[in-house]
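Colleague: Could you walk me through this model, please?

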Amino acid sequence: TPINKELFDSKADGLKESVTIYVSTSGSDTSGNGSSSAPYKTIKKAVDSIPKVLNGFHAQIDIAAGTYNERVTIDSFVGGRITLGVAGRSVTVRGVSIMSSNSVRLAIPFIVYSASYSGDGAGLYMSYGSNLQIINELTVNMGSSQNYGIAIEHGSVLTTNNVPVTVNNCGRAAVMSTYGATMVLSNIQGTGNTNFGLAATLGGMIAYQVKSIT
């Protein structure tokens, strides 16, 4: 089957410089090109436009404030940094999954809601050695029938930059660390979690400074 050689080569070579990709609820995934004057409509389109090999460069996804009815998936990026958002704007999404990606930052007041999501069973899910730094407040609001608010596993590492993380209304653990994953939280809080607040199993670790979660 023929392939798009130009596209293949550009993805294989990886990122050639640091880039900023723009997303707005008023943008377009068809006519937009990710520039400030023609932003994409979805965060997925912006993520998909980035080569998997970052070559030490920084990919900044500049997301306009608003609600995006999508689950954001960042999978198999290596060798650089991806930042979601710009400080000072509040963005709401249906969930975040980060897998096999070694340097990701959430830089805005992120709100994750997941009243009907059942895929990973977590509002924020990390796996396979991913590394995430939360540098602005994060709120995860789940439906009572859902599993976890935040779940990390398989050697992943999550840290917060002295900002609060709030997890509400989880049917199981609000925060789960398992299979050798490490979570370092400055301030973890939340209510309405009907099973465990924090749970660490199978070599998982959760460290925190302030905890007020039920």
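**Core, sheet and salt bridges**

Modeller: Happy to, starting with the core: of the 46 residues in the largest nonpolar core, those that touch the most other members are Ile43, Ile61, Ile74, Leu132, Ile150, Leu158 and Val167. A nonpolar core here is a set of buried Ala, Val, Leu, Ile, Met, Phe, Trp, Tyr and Cys residues joined through side-chain atoms within 4.5 Å. Buried means under 20% relative accessible area, exposed over 50%, and partly exposed in between (1.4 Å probe, protein chains only). This is a predicted model, so local features need pLDDT of at least 70 and side-chain atom pairs count only at pLDDT 80 or more, while totals for chains, interfaces and linings use all residues. Residues are numbered from 1 along each chain as its sequence is written, and side-chain values use heavy atoms, with hydrogens and water left out.

Colleague: Which residues does Leu158 touch, not counting residues up to four places away in sequence?

Modeller: Contact means heavy atoms within 4.5 Å. By that rule, Leu158 touches Leu124, Met126, Leu132, Ile134, Ile150, Ile152, Thr182, Met183, Val184 and Leu185.

Colleague: How many residues are in the other core that lies apart from it?

Modeller: Met99, Ala122, Tyr148 and Met176 are among the members of this other core. Its residue count is eight.

Colleague: In what order do the six strands of the open sheet lie?

Modeller: Strands are DSSP runs of E with at least two residues, helices are runs of H or I with at least four, and both are numbered from the N terminus. Two strands pair if DSSP finds at least two bridges between them. The edges, each pairing on one side only, are strand 4 (71-75) and strand 18 (198-201). Pairing in the sheet is parallel, and the order is 4-7-10-13-16-18.

Colleague: Which residue in strand 7 is the bridge partner of Val72?

Modeller: Strand 4 and strand 7 (residues 95-99) run parallel and are joined by five bridges. In strand 7, the partner of Val72 is Val96.

Colleague: What percentage of the contacts between residues at least 6 apart in sequence join residues at least 24 apart?

Modeller: For background, the protein has two helices and 19 strands, and 48% of its 214 residues are buried. Of the contacts you ask about, the share joining residues at least 24 apart is 63%.

Colleague: How far apart are the closest N and O atoms in the salt bridge of Lys44 with Asp48?

Modeller: A salt bridge is a side-chain nitrogen of Lys or Arg within 4 Å of a carboxyl oxygen of Asp or Glu, and the whole structure has two. Lys44 and Asp48 both lie in helix 2 (residues 43-48), four residues apart, about one turn of the helix. Their closest N and O atoms are separated by 2.9 Å.

Colleague: Is Asp62 buried or exposed?

Modeller: Asp62 meets Arg89 in a salt bridge (2.6 Å, N to O). Asp62 lies in strand 2 (residues 58-63) and Arg89 in the loop between strand 5 (81-84) and strand 6 (91-93), so the pair ties together parts 27 residues apart in sequence. Arg89 is partly exposed at 27% relative accessibility. With a relative accessible area of 12%, Asp62 is buried.

Colleague: What is phi of Asn162 near?

Modeller: Most residues other than glycine have a negative phi. Asn162 lies in the loop between strand 14 (157-160) and strand 15 (164-168) and is exposed at 61% relative accessibility. Its phi is positive, near 55°.
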